[in-house]
Amino acid sequence: MRQILIKAGKVTIRARLLATPTADRIWDALPIHGAVQTWGKEVYFRTPVSHDTEPDARLVVSKGEIAFWPDGDAIAIGFGPTPISRRGEIRFTNKCNVWAIALDDVDQLKGVYAGEQVSVVESEGDSQAWTKRAPPRASRRTSRQGLDGAGC
């Protein structure tokens, strides 16, 4: 089972990757570093990953589902309503690929603010996957500019 740590500000959340093409792309790009942006009760940040919208991509996710926003090349974590949510749902602006499930309470993200640094790294508890994993790509996008508009 592949697991990651998402560290944003003083918050650390463990997550389990799902068996999806997006999860594979993100896993291969680790470690990922960026700057947090927020939109309502959503934290999102740019990645060096690009990937198309998968057939099961969704506008509405459940708390604890970690998504990838193909239109922004960003990871998005909703932990409550966004400005366009209806009746407490977690609604993104565009369809997103769910690629991981948080193992810790995502409500911790309430204490994370725009501009704080975020890292996504392989969990040390995943030693079996570490031995099977190929080394990361040498060339990566280095731009960590903010995104315009809303998250996922």
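In the predicted model, a salt bridge joins Asp24 to Arg2, with 2.9 Å between the closest N and O atoms. Asp24 belongs to helix H1 and Arg2 to the segment before E1, so this pair ties together parts of the chain that are 22 residues apart in sequence. The relative accessible area of Asp24 is 36%, and the residue is therefore partly exposed. In total, 5 salt bridges were found in the structure.

Another of these bridges is formed by Lys63 and Asp107, whose closest N and O atoms are 3.1 Å apart. This pair also links distant parts of the chain, as Lys63 is found in the loop between strand E6 (58–61) and E7, and Asp107 in the loop between E9 and E10, 44 residues apart. Lys63 has a relative accessibility of 47% and counts as partly exposed. Asp107, at 23%, also counts as partly exposed; the limit for a buried residue is under 20%. A further salt bridge connects the side chains of Arg91 and Glu89, with an N to O distance of 2.5 Å. Here Arg91 has a relative accessibility of 14%, so this residue counts as buried.

The fold was then examined along the sequence. The protein contains 2 helices and 10 strands, and their order is β-β-α-β-β-β-β-β-β-β-β-α. Contacts between residues at least 6 apart in sequence were also considered: 77% of them join residues at least 24 apart. Of the 152 residues in the protein, 49% are buried. The accessible surface amounts to about 7600 Å², and carbon and sulfur atoms account for 49% of this area.

In soluble globular proteins, nonpolar side chains tend to be buried together. The largest nonpolar core of the model has 30 residues, and the members that touch the most others are Ile4, Ile66, Ile75, Trp99 and Leu109. Two or more residues of this core come from each of the following elements: strands E1 (3–8) and E2 (11–17), helix H1 (21–29), and strands E5 (42–46), E7 (65–69), E8 (74–78), E9 (90–102) and E10 (117–122). Another core lies apart from this one; it has 11 residues, including Val61, Ala67, Ala74 and Val98.

In helix H1, the buried residues include Thr22, Ala23, Ile26, Trp27 and Ala29. These residues lie on the same side of H1, because they cover an arc of only 165° around the axis.

A search for aromatic pairs across the whole structure gave 1 pair. A pair of aromatic rings is described by the distance of the centres and the angle of the planes. The ring centres of Tyr44 and Trp69 are 6.0 Å apart and the ring planes meet at 85°, so the arrangement is edge-to-face; an angle over 60 degrees is needed for this class. Since Tyr44 lies in strand E5 and Trp69 in strand E7, the pair ties together parts that are 25 residues apart in sequence. Both Tyr44 and Trp69 are buried.

Key:
Residues numbered from 1 in each chain as written. Predicted model: local features only at pLDDT ≥ 70, side-chain atom pairs only at ≥ 80, totals over all residues. Heavy atoms only, no water. Core = buried A, V, L, I, M, F, W, Y, C linked by side-chain atoms within 4.5 Å. Buried < 20%, exposed > 50% of the residue type's maximum accessible area, 1.4 Å probe, protein only. Helix = DSSP H or I, 4+ residues; strand = E, 2+ residues; numbered from the N terminus. Contact = heavy atoms within 4.5 Å. Areas by Shrake-Rupley, 256 points an atom, 1.4 Å probe, with all protein chains shown as cover. Arc of directions from axis to C-beta. Phe/Tyr/Trp six-rings, centres within 6.5 Å; stacked < 30°, edge-to-face > 60°. Salt bridge = Lys/Arg side-chain N within 4 Å of Asp/Glu carboxyl O.
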